[in-house]
Amino acid sequence: YVNDTFCETNNVDALDSAMGIAKETLGDSEREAGVFFTILYPAYTATNFGSLGGKSLNLSKAEDRKYAIKWIIDEQIKLYTAKGYENLELIGFYWLEEEIYSDYDEEMMKYAADYLHSLGLKFLWIPWFQAPGYYEWKKCGFDLTCMQPNDMWGDVSNVTRVNTCASICKSYGMSMQIESDSNVATP
């Protein structure tokens, strides 16, 4: 996953190139695209995960889950820095899992938040509509949380669901993520 994120001419490389074209077109040499990288979920059920950085991991152990979180953050920062992107700014990291399953999740989220904040980076989360624990986002150390109304997946848009999501987001100080595909332009 990490190597694919930084493969030549795709993903982050392509974003850097596209932003370079946009800057030239707009005549704005100072503008940069903000980037968030992903922290993959360290599932405690992976007792024979394999090795990272020469260390064999059993993710049922909290110290190994923390090691995996720190490793993926550090590895992506290392590769990002090595590429020397001219048109991008690393803003922070995104917690991939969309719900809080247990206290173990909260512990891992807080660990990631503390580590990222020590590096001067932001921590983002995008839970699904009323996912377990969505209202505890600040307690878990996130700087920004965007809840999804999950309106995209039905045949007919549910305006009530979108309005409810917007109201909940406002109440809890969150943003709202709107997902769409090519059908968004079709009446």
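**Reading helix α3 and its surroundings**

Author: In this predicted model, α3 has 22 residues and reaches 32 Å from its first C-alpha to its last, close to the 32 Å expected at 1.5 Å a residue.

Reader: What follows α3?

Author: Gly-84 follows α3, and its phi is positive, near 60 degrees.

Reader: How should I read the sides of a helix, and which residues of α3 are buried?

Author: An α-helix has 3.6 residues a turn, so residues three or four places apart point the same way. In α3 the buried residues are Asp-64, Arg-65, Ala-68, Ile-69, Ile-72, Ile-73, Glu-75, Gln-76 and Tyr-80.

Reader: Which elements do the buried residues of α3 pack against?

Author: Their partners are α1 (2-5), β1, β2 (50-52), β3 (55-57), β4 and α4.

Reader: How many residues does the largest nonpolar core have?

Author: In soluble globular proteins, nonpolar side chains tend to be buried together. Here the largest nonpolar core has 38 residues, and Phe-37, Ile-39, Ile-73, Phe-93, Trp-95, Phe-123 and Phe-142 have the most contacts inside it. Elements that give two or more residues to this core include β1 (33-39), α3 (62-83) and β4 (88-95). The largest share, seven residues, comes from α4.

Reader: What lines the second largest pocket?

Author: That pocket has a volume of about 190 Å³. Its lining includes Leu-40, Tyr-41, Pro-42, Phe-49 and Leu-59, along with Ala-68, Ile-69, Trp-71 and Ile-72. The largest share of the lining, four residues, comes from α3.

Methods:
Residues numbered from 1 in each chain as written. Predicted model: local features only at pLDDT ≥ 70, side-chain atom pairs only at ≥ 80, totals over all residues. Heavy atoms only, no water. Core = buried A, V, L, I, M, F, W, Y, C linked by side-chain atoms within 4.5 Å. Buried < 20%, exposed > 50% of the residue type's maximum accessible area, 1.4 Å probe, protein only. 1 Å grid on protein atoms, 1.4 Å probe; cavity = no way out; pocket = protein on both sides within 12 Å on 5 of 7 lines; lining within 4 Å. Points joined across faces, edges and corners; volume = space filled by probe spheres on them. Expected span 1.5 Å × (residues − 1). Contact = heavy atoms within 4.5 Å.
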